Amino acid sequence: MNIWVTRHGQTDLNKSHLMQGISDHPLNARGLEQARAVRSRIGEVTFDAVYASPLDRAITTATIVGNVPRESIQVDERIIEMDFGRYEGRPYTGMGPAMTLYWVLPELFPAPKTVESVASMRARTTSFLKELEDKDYDNVLIVCHGGVIRGICGYLEDRSNGIKWRPKPKNCEVRVYRSENGQHSFVKDILADV
């Protein structure tokens with residue numbers, strides 16, 4: 001099975017460098033352009049299934065990148081973005097020491113109060129991926145978010161800490177993995193270049 005993992009296209013909060021989390025903001029014009037560009041770069045690939053977070057920015061990106069109607073998207077709560085609690089909507093540069101340290105080095109610093117922990121995010125993404133790997137798909141697309149992708153990629157790269165925190169995924173960057181008999185390998189990276 002080839003697992004195509006992508007982050008949604010740009011939103012106005014992304015453009016303004018604000019923490020977005022589970023706030024439901026739509027794609028902006030650039031985000032729509034990014035999704036169309038990456039679809040073009042993917043070429044003729046068709047997906048046996050397209051999964052998305054329940055947030056509109058992920059679902060809209062999934063319809064474009066997956067080249068499928070909205071009603072065929074399989075929405076799964078387990079791949080929603082991390083909940084940033086009271087930090088949602090705040091600038092990355094003004095979060096204070098507790099959140100800044102957690103966001104930069106979650107391997108060392110705990111989540112501040114009201115913020116979802118990495119352990120919680122890993123548990124739900126692992127559950128989702130183990131269930132997905134039991135399916136009989138050739139190509140599957142997962143459209144989600146910058147934070148939660150770090151758990152998905154950590155699982156698919158068999159990282160001992162379960163996360164791939166750096167480099168941060170770009171809007172509409174696609175990471176392709178191969179999953180075969182419980183073994184994972186990285187195949188390629190595709191950027192929207194817009």
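Predicted model: local features only at pLDDT ≥ 70, side-chain atom pairs only at ≥ 80, totals over all residues.
Strand E1, residues 2–7, pairs with E5 in the antiparallel sense over five bridges, where two strands count as paired if DSSP finds at least two bridges between them, and where helices (H or I, at least four residues) and strands (E, at least two) are DSSP runs numbered from the N terminus. Within this pairing, Asn 2 has Arg 178 of E5 as its bridge partner. Helix H5, residues 118–132, packs on the sheet and touches E1, strand E2 (49–52) and strand E4 (139–144), contact meaning heavy atoms within 4.5 Å. The direction of H5 makes about 165 degrees with that of E4, with axes fitted as lines to C-alpha atoms, for helices over the stretch in contact, and angles running from 0 to 180 degrees between N-to-C directions.

Residues are numbered from 1 along each chain as its sequence is written, and side-chain values use heavy atoms, with hydrogens and water left out.

As for the sheet as a whole, six strands form an open sheet with mixed pairing, in the order E3-E2-E4-E1-E5-E6, and its edge strands, E3 and E6, each pair on one side only.

Turning to the backbone, most residues other than glycine have a negative phi, and most peptide bonds are trans. Asn 181, in the loop between E5 and strand E6 (183–190), has a positive phi of about 50 degrees. The peptide bond from Arg 166 to Pro 167 is cis, with omega near -5 degrees.
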